[in-house]
Structure formats: structure tokens, C-alpha cells
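Please work through each task before reading its solution.

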Amino acid sequence: MPQVCIGEKSDERAAVHELSIAESLLGILVEEARNHGIIRIRKVKLQIGELAAVVPESLAFCFELVSRDTIAQGSEIEVENVRIIAQCLRCDKSFEVEEQVFLCPECGGADIELISGRELCVSSIEGETGE
Amino acid sequence: MAQIKVPVVRNILQANERLAAENRRKFDDAGIYVLNLMSSPGAGKTSLLEKTIEGLAGRIGIAVIEGDLQSSYDAERIQSKGIQAVQINTDGGCHLDGNMIQIALDSLDLSEVDLLIIENVGNLVCPAEFNLGEHDKVMVLSVAEGDDKPLKYPLMFQICSVLLVNKIDLLPYTDCDMNKIRERARQLNANQKIFEISCRTGEGFAPWLSWIEEKVSGHKKLQRAKN
Ligand SMILES: Nc1nc2c(ncn2[C@@H]2O[C@H](COP(=O)(O)OP(=O)(O)OP(=O)(O)O)[C@@H](O)[C@H]2O)c(=O)[nH]1
Ligand SMILES: [Mg+2]
Ligand SMILES: [Zn+2]
């Protein structure tokens, strides 16, 4: 039977997806640092939506692991939480989603568009250039 | 040495998003409708697949990708029904991603396939952040897990077009309140289709099977119109 095995390195096993997110984050940081001539990353700002299925502490922990011996080793991770904002497609009202109720507080409408709350983004990088 | 701060607005998951979009293009070119099936461990994903395959046999060409931490037991269950199935072992990883699907697609013959169902790793958190290129996300919740699940896994409920409440044959033996599940799911995602089923007795399967058939034929028409 066709069988596909992923993840040969057994020390990289983890039951948390924050690890793979931390690896993607590191990839982006290294690439952006290179583009901007940064040789040592000191601080990284992230935006994480309140609806994102990510635990910031766990992400920071995983990032510490994966960034060892890279230009991002020891960098500070600052997380900005982004609130869940939705807009009603029936009456146009924008509202903050509270208590996990994704219904329009104005008209009760259920057709809504999520404006924010699912972010998993890098917003800035600080570091030292070679010059 | 100079200190600088550079603004970069980049989605951390963009690499996976790109792979998912490539997969999606592949599915659409081949006219295949794809579901990403998620639940906590043991809620009944493989049982649902087995019953769904039985119900649609002969009418719809089906293939399955099985994601699992280890073992190929689930894929063998599907293959014994005469269906193409490929197993992805994540080796401890808690979710499937776009890249794994791309690799798995290489070992599937898609020529006779109308419907591809991907059984994700049993987990209600991690798979929620990783698109695979599917057209719809479907979740299974078993009544044995309790009616408070929507509150604990809001993102999963938010993103799934379908909620299958499984093991309703066990309702008399649990304190699970179906009305609570319905009400909480409505608050999280009022457009979500809810089917109450039992993979054990087959109860409630007819509306679920019609939903899939409609989706598959709707998708075929849409793709034909595009080409
Ligand atoms: N009573 C009852 N048992 C069920 C039902 N559906 C599934 N089961 C049982 O629940 C157990 C788990 O079912 P699976 O289909 O393997 O669940 P799964 O979600 O695929 O599990 P993982 O792949 O391990 O995450 C099995 O023992 C099934 O026989 C149901 O409707 N009623
Ligand atoms: Mg299974
Ligand atoms: Zn409204």
C-alpha cells in the first residue's frame, strides 16, 4: 500500500503544531533579515488573533528551540493580540465578537464576514546590520 | 553596527497557504470535490468514511487520504472496501499540511475520482490552522465527548461547513444535550449544516449522503462551466 512518512528527525517530534508554526516563522525571519541586511535579530513583533488556534507561550517556547544556533537565537518575541471583529453582511454593522457569539448584535444576522481575529503574522523585525 | 527596525507584514502560514492553493488548482482541474474531515481521536472519522463509502458506492468515484500519527490501520480499513486509499504517517505531528497532501497525491490515480476525502489527524485544535486545498471542512463530534466542545474549540466550529454529531445511538447513556450543541454551534457558525448520525446503526445518513452528492455534482458543473 502506498505509505508516506513525514518527519524523519525524531527529535523534532512534537504533538503541538506551534512547532511547525515556529519553523515557518524562523524561515520568514531569516529571509527578511537577509533582505534587509540584518545579521543579528534582536526583537520580533507578532500579531496573533484571538481566534487563532495558537498558544503564544507555546509558540515562544518552540521558537526558542528552533532558533538555536541561528541569527534569531535569543531574540525577544512580542505578541500583540488582535481582537475578533466581524461585519454583518445584512446591515453592515461592525462588531466585536464576545463570548464566542458570531451573530450580529444589531439585526441578529448570521451572515457575517470576519474582519480580524485569525491573524498569525509577523509585523516587524529589529536587529543589527553589518555596517 | 547599526540597529534597525523593519516593518514586515507577512502571514506566518503563507508557505502552507501557497501549497494549499496549488492543491486546490489540481483538484479543480481534475473536477474533484475535496473534504477535510476533522475530529478528536475516536469520534468516528474512519467509521463515517466506511459508511459513507457504502452509501455512495457505484454512484461516485471516491478516494481517501488517511492521516495518522502512526500505523496504516485506517487506510487498510478503507482499502478493504475496494477504495483507493493512501496513508500519511505524520510521525507524531498533530496535523496534516499542504505539503503532505501534495506528496500523497503522487500515489493516487485521480482519473476516476469525483470525491476525495482527507481524514485528518485526530485533534480539534492543530488541523484548524492548516488548509489543505479542500473545498469544505467537515467535523465529527461524538455525543460521548460532551456538549461543551463548541465552547472549547471555537475556531474549529467557526471554519467547518458541516458538523456531524455522531454516536447518537449512545445518547440515552450520556448526559449530552443535543439542544445545547445545536445552540452553541449556531452562535459560532449559524450557516453550519448539522447532521445527527450513528455510524453504528446508520441512522441519519440519508441527508448527509444527499448533501455530498449535491456538492459533488455542483462542483462538477461549476468546473465544466469554467473550462
Ligand atoms: N456506539 C457507537 N460507536 C461508534 C460509532 N461510530 C464509531 N464508533 C466507534 O468508535 C470507535 C472509534 O471510531 P473510529 O471510526 O476509528 O474513529 P476515528 O475518529 O477514525 O479515530 P482516530 O482515527 O483514531 O482519530 C470505534 O470503536 C467505532 O466502532 C457510533 O455511531 N456509535
Ligand atoms: Mg480514524
Ligand atoms: Zn446585522
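**Conventions.** This is a predicted model, in which local features need pLDDT of at least 70, side-chain atom pairs count only at pLDDT 80 or more, and totals for chains, interfaces and linings use all residues. Residues are numbered from 1 along each chain as its sequence is written, chains are lettered from A and ligands numbered from 1 in the order in which they are written, and side-chain values use heavy atoms, with hydrogens and water left out.

**Exercise 1.** Determine whether A:Glu128 is buried or exposed, and identify the side chain that it meets in a salt bridge.

*Solution.* 
Step 1. A:Glu128 has a relative accessible area of 11%. Buried means under 20% relative accessible area, exposed over 50%, and partly exposed in between (1.4 Å probe, protein chains only). A:Glu128 is therefore buried.
Step 2. Its salt-bridge partner is A:Arg42, at 2.8 Å from N to O; the term denotes a side-chain nitrogen of Lys or Arg within 4 Å of a carboxyl oxygen of Asp or Glu.
Step 3. A:Glu128 belongs to strand S7 of chain A and A:Arg42 to strand S2 (residues 38-49) of chain A, so that distant parts of the chain, 86 residues apart, are linked. Helices (H or I, at least four residues) and strands (E, at least two) are DSSP runs, numbered from the N terminus.
Step 4. A:Arg42, at 39% relative accessible area, is partly exposed.

**Exercise 2.** Give the order of the strands in the open sheet, and state which strands stand at its edges.

*Solution.* 
Step 1. The order of the 4 strands is S3(A)-S2(A)-S7(A)-S1(B), with mixed pairing; two strands pair if DSSP finds at least two bridges between them.
Step 2. Strand S3 (76-82) of chain A and strand S1 (2-11) of chain B are at the edges; each has a single partner strand, so one side of each lacks a neighbour in the sheet.
Step 3. S7 (residues 120-129) of chain A and S1(B) run antiparallel and are joined by 8 bridges. Within this pairing, B:Gln3 is the bridge partner of A:Glu128.

**Exercise 3.** Describe the salt bridge between B:Arg10 and A:Glu32.

*Solution.* 
Step 1. The two side chains meet at 2.7 Å, N to O.
Step 2. The pair crosses between chains, since B:Arg10 lies in strand S1 of chain B and A:Glu32 in helix H1 (residues 18-35) of chain A.
Step 3. Both B:Arg10 and A:Glu32 are buried.
Step 4. A network of salt bridges links A:Glu31, A:Glu32 and B:Arg10. Over all chains, the count is 20 salt bridges.

**Exercise 4.** Locate B:Glu129 and list its contacts.

*Solution.* 
Step 1. B:Glu129 is in the loop between strand S5 (115-119) and strand S6 (136-142) of chain B.
Step 2. Its relative accessibility is 4%, so B:Glu129 counts as buried.
Step 3. The side chain of B:Glu129 reaches the backbone nitrogen of A:Ala53 at 2.6 Å.
Step 4. Leaving aside residues up to four places away in sequence, B:Glu129 touches A:Ala52, A:Ala53, A:Arg118, A:Leu120, B:Leu13 and B:Leu155, where contact means heavy atoms within 4.5 Å.

Conventions:
Polar contact = N/O pair within 3.5 Å; in protein donor to acceptor, adjacent residues only side chain to side chain.
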